[in-house]
Amino acid sequence: MAEIAPFRAVRYAATRGRELGRLLAPPYDLVTPAQRDELLRRDPRNILHVTLGEDRPGDGPGSNKYTRAGEAWRGWLAEGILRRDPRPALYPLEQSYVAPDGRPLKRRGFMAAVRLHEFREGIILPHEKTLVAPKADRLEVIKAVRANLSPLFGLYRDDAGITTRALDEASLAEPAAETDSDDGVHHRLWRAEDPSVIEPLQALLANQRIFIADGHHRYETALVYRRMLEEQTPGLPAQGGHHYILMFLCPMNDPGLFLFATHRLVSGLQGFTVAGFLEKLSRYFRIETLAEDARRPVGRAWAISKLGEHAGKSTTFLMVTAEDGRARIVTLRDDVDLSGAGLPRNETLAALDVTVLHAVVLSGLLGLSPGSQEKQENVTYARDAGEAVNRVLSGEHQVGFLLNPTPMWQVEAVGEAGETMPQKSTLFYPRLQSGLVMREVDPRDRP
């Protein structure tokens with residue numbers, strides 16, 4: 001099954017407090033344009049200069065954001081801004097945060113080099129589809145930098161608590177790094193070189209499959225990069241670093257594991273009117289127009305809370321429309337026949353709110369093809385519910401659909417069945433920071 005290995009991390013020479021925190025950044029796909037501008041200007045050593053640089057006038061094949069990323073990476077290593085750890089290790093990580101309901105929580109796991117497998121092998125399992133543009137972008141980054149700059153997020157089963165015991169032992173030492181990220185999460189990182197920590201975790205994962213919780217685009221990009229290197233240089237070692245990827249691994253039953261939804265915002269619809277769309281929508285859904293004005297903060301918060309009341313009970317969305325500024329609760333009718341709606345055969349996948357939204361509403365009623373959705377021609381995504389509502393009501397988008405989070409058991413069931421959810425169906429919290437632990441990809445060296 002899954003193979004994990006210790007590795008020599010690349011980390012910032014700064015290891016504590018604000019000095020380190022100002023150099024970190026969220027994963028590339030969670031950074032808004034405003035955040036990117038702020039982080040790029042905050043510090044010339046911020047990792048975003050490598051993970052998500054900006055285009056400049058006059059850019060071309062020989063000089064662009066990707067070549068600048070490679071130059072920055074190599075320059076920071078030469079200057080000592082980044083340092084290679086002396087010996088291979090696993091990297092336990094504890095993230096402390098406050099949940100939306102006010103509870104203080106801690107999520108614990110560890111970072112390792114994980115051997116790559118094609119999805120068809122059934123060892124590393126995806127749970128959602130990917131988009132075209134991010135994979136092309138990530139391939140250019142890894143070609144220029146030759147490193148994993150932020151960990152993927154992988155989940156596995158550990159009902160016996162082996163991970164907890166290993167991490168308890170590792171955390172008796174002084175943390176190798178400790179800081180707060182901009183989202184208020186407190187991160188504590190350790191280096192674990194002792195076989196008494198490493199070997200139980202390797203043995204545990206050797207009997208497991210790993211579910212990708214976050215990082216599908218980067219994983220598929222790593223597979224493409226591996227094939228590219230093998231074609232360019234036949235005879236590379238079977239244990240070369242290009243056969244592995246950096247991953248944060250966490251048990252599915254960790255008490256600090258929290259899921260959020262990702263919301264859909266739609267624009268560019270020709271001839272779209274609220275009245276016409278409501279008529280189509282009513283064939284499949286009950287529609288409740290909320291009395292409170294969604295343009296006011298109180299009404300917006302109330303609308304989002306109304307959506308939460310339906311979590312786990314019915315297929316329900318919160319729909320917001322720019323034309324009339326209204327919010328509506330849209331619930332699938334019990335008597336509706338969806339046999340011809342293009343839903344997948346797998347019952348668990350077909351029952352997901354996000355699957356019904358994509359198949360029945362986005363494809364069926366709005367006429368957006370799966371290809372156009374994957375290319376984000378009309379559909380964009382927002383992680384924060386309040387931001388999603390604001391972007392619709394501002395007129396940036398014509399209609400927005402807010403969803404409840406997908407339960408963990410459904411994510412697992414979809415992966416176990418070899419199925420994939422629509423792209424960007426889940427958001428696992430807290431976020432893993434880019435720049436805290438990185439890994440060079442050297443095809444002629446071990447992980």
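Predicted model: local features only at pLDDT ≥ 70, side-chain atom pairs only at ≥ 80, totals over all residues.

Reader: What makes the pair of F153 and F428 edge-to-face, stacked or tilted?

Author: Ring centres must lie within 6.5 Å to pair, and planes over 60 degrees apart count as edge-to-face. The centres of the F153 and F428 rings are 5.5 Å apart and their planes stand at 70°, so the pair is edge-to-face. The pair links distant parts of the chain, with F153 in strand β8 and F428 in strand β20, 275 residues apart. F428 is buried as well, since its relative accessible area is 4%.

Reader: How many aromatic pairs does the structure hold?

Author: The structure holds 12 aromatic pairs. In one of them, the rings of Y97 and Y429 have centres 5.3 Å apart and planes at 80°, which is over 60 degrees, so this pair is edge-to-face. Y97 belongs to strand β4 and Y429 to strand β20, 332 residues apart. Ring pairs also link Y97, F258, F260 and Y429 into a cluster.

Reader: Why is Y429 called buried at 16% relative accessibility?

Author: The cut-off for buried is under 20%, and 16% lies under it, so Y429 counts as buried.

Reader: How do you know whether the radius of gyration of the protein agrees with that of a compact globule?

Author: For 447 residues, a compact globule would have a radius of gyration near 22 Å; the protein has 23 Å, so the two agree.

Definitions and conventions
Residues numbered from 1 in each chain as written. Heavy atoms only, no water. Rg over C-alpha atoms; globule rule 2.2 N^0.38 Å. Phe/Tyr/Trp six-rings, centres within 6.5 Å; stacked < 30°, edge-to-face > 60°. Helix = DSSP H or I, 4+ residues; strand = E, 2+ residues; numbered from the N terminus. Buried < 20%, exposed > 50% of the residue type's maximum accessible area, 1.4 Å probe, protein only.
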